[in-house]
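Here is a short report on one protein model. Keep the sequence and the 3D view open as you read.

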Amino acid sequence: QMTKHMLGYRSIKRVCAVILIGLSISGCAKPASVKTMISSSRAGSSSPLDLNLINSVCVKLVDGGKTTNPLWVSEVDNASFLIALEGSLKNNGLLAETPDACRYDIDVNLLGLSQPYISFDVEVTANVNYRMRKAGVEEPYLLKTIQTSYTARFTQDKLLWGNRLKEANEGSVRKNIGEFIDAVLARPPVS
C-alpha cells in the first residue's frame, strides 16, 4: 500500500518537473511588436500606377486579431495590425495625412495565423483579407486575400520557443502587408 502511494507521489513530482521545464523553455508569451511588423518602402516602386492613391488611403477597420494571453502563445491584435499597416502605407507614400484627405478606405480581416504547437524552427502563416474601396463607392477598388509564411530559425540567440513564435508572427504579418502594398502600387487607375 505504501509503495503505491510513493509511486503516485513520484509520478506527480515528475509531471510537475516536466511542466516547469516546459514553461522555462517556452517563456511567457509576448504580443507581436508593431515596429517589426511594418513593411518598409517597396523596392522598385517609387510611386503607384494610380497617382490618385498618393497620400489618400486610410485604414477604416481591422478585425479578426487576437489578444496575447501571456500564459499561452503570441498573437497579433487588431490595434497592432492597424498601426503596422498604417506605418507601411506611410512608408510608401499612400497614407492620408488627415481624415479629410481619405479617398480610399481599407477594411482588413485577419483570417488567422497558422502556428505550430511546438517545433525547433517555427513557421507561421498569416491569412489576411483586404478590401479597399474608393470613398463613397461600395464596389471594391481592390479585393485580395493574401497568405504569407515566415520561419524563425532555432539558433543560440533564439533558444526560447515563445520568442521564435513571436518573430515568426511578426515576419509573416510584415510579408503579408508588403504583398498587399505591392498589389496596391501595381493596381492600374480606374477609368
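This is a predicted model: local features need pLDDT of at least 70, side-chain atom pairs count only at pLDDT 80 or more; totals for chains, interfaces and linings use all residues.

In soluble globular proteins, nonpolar side chains tend to be buried together.

Leu-85 touches Val-59, Ile-106, Val-108, Tyr-130, Ile-177 and Phe-180, leaving out residues up to four places away in sequence.

## A buried asparagine

Asn-176 sits in helix H3. Is Asn-176 buried or exposed? Its relative accessible area is 0%, so Asn-176 is buried.

What does Asn-176 touch beyond its neighbours within four places in sequence? Its contacts are Ala-126, Val-128, Tyr-130, Ile-146, Gln-147 and Thr-148. With Thr-148 there is also a polar contact: the two side chains are joined at 3.3 Å.

## A buried aspartate

Asp-107 lies in strand E2, which covers residues 104–114. Asp-107 counts as buried because its relative accessibility is 16%, and the cut-off for buried is under 20%.

Set aside residues up to four places away in sequence. Asp-107 then touches Lys-60, Leu-61, Asn-129, Tyr-130, Arg-131 and Arg-133. Tyr-130 is a contact of Leu-85 and of Asn-176 as well.

Ala-29 is in the loop between helix H1 (2–26) and strand E1. Ala-29 counts as buried because its relative accessibility is 11%.

How far apart are Ala-29 and Val-73 in sequence and in space? In sequence, 44 residues separate them. In space, their C-alpha atoms are 5.0 Å apart.

## The second largest pocket

The second largest pocket has a volume of about 170 Å³. Which residues line it? They are Asp-50, Asn-52, Tyr-104, Lys-134, Val-137, Glu-139, Pro-140, Tyr-141, Arg-187, Pro-189 and Val-190.

Sort this lining by class. It has 6 nonpolar, 4 charged and 1 polar residues.

How values were computed:
Residues are numbered from 1 along each chain as its sequence is written. Side-chain values use heavy atoms; hydrogens and water are left out. Helices (H or I, at least four residues) and strands (E, at least two) are DSSP runs, numbered from the N terminus. Buried means under 20% relative accessible area, exposed over 50%, partly exposed in between (1.4 Å probe, protein chains only). Contact means heavy atoms within 4.5 Å. On a 1 Å grid over the protein atoms alone, a cavity is a set of points where a 1.4 Å probe fits but cannot get out, and a pocket is an open set with protein on both sides within 12 Å along at least five of seven lines; lining residues have an atom within 4 Å of a point. Grid points are joined across faces, edges and corners, and a volume is the space filled by probe spheres set on the points. Ala, Val, Leu, Ile, Met, Phe, Trp, Tyr, Cys and Pro count as nonpolar, Asp, Glu, Lys and Arg as charged, and the others, Gly among them, as polar. A polar contact is a pair of N or O atoms within 3.5 Å; within protein, one must be able to donate a hydrogen and the other to accept it, and residues adjacent in sequence count only if both atoms are side-chain atoms.
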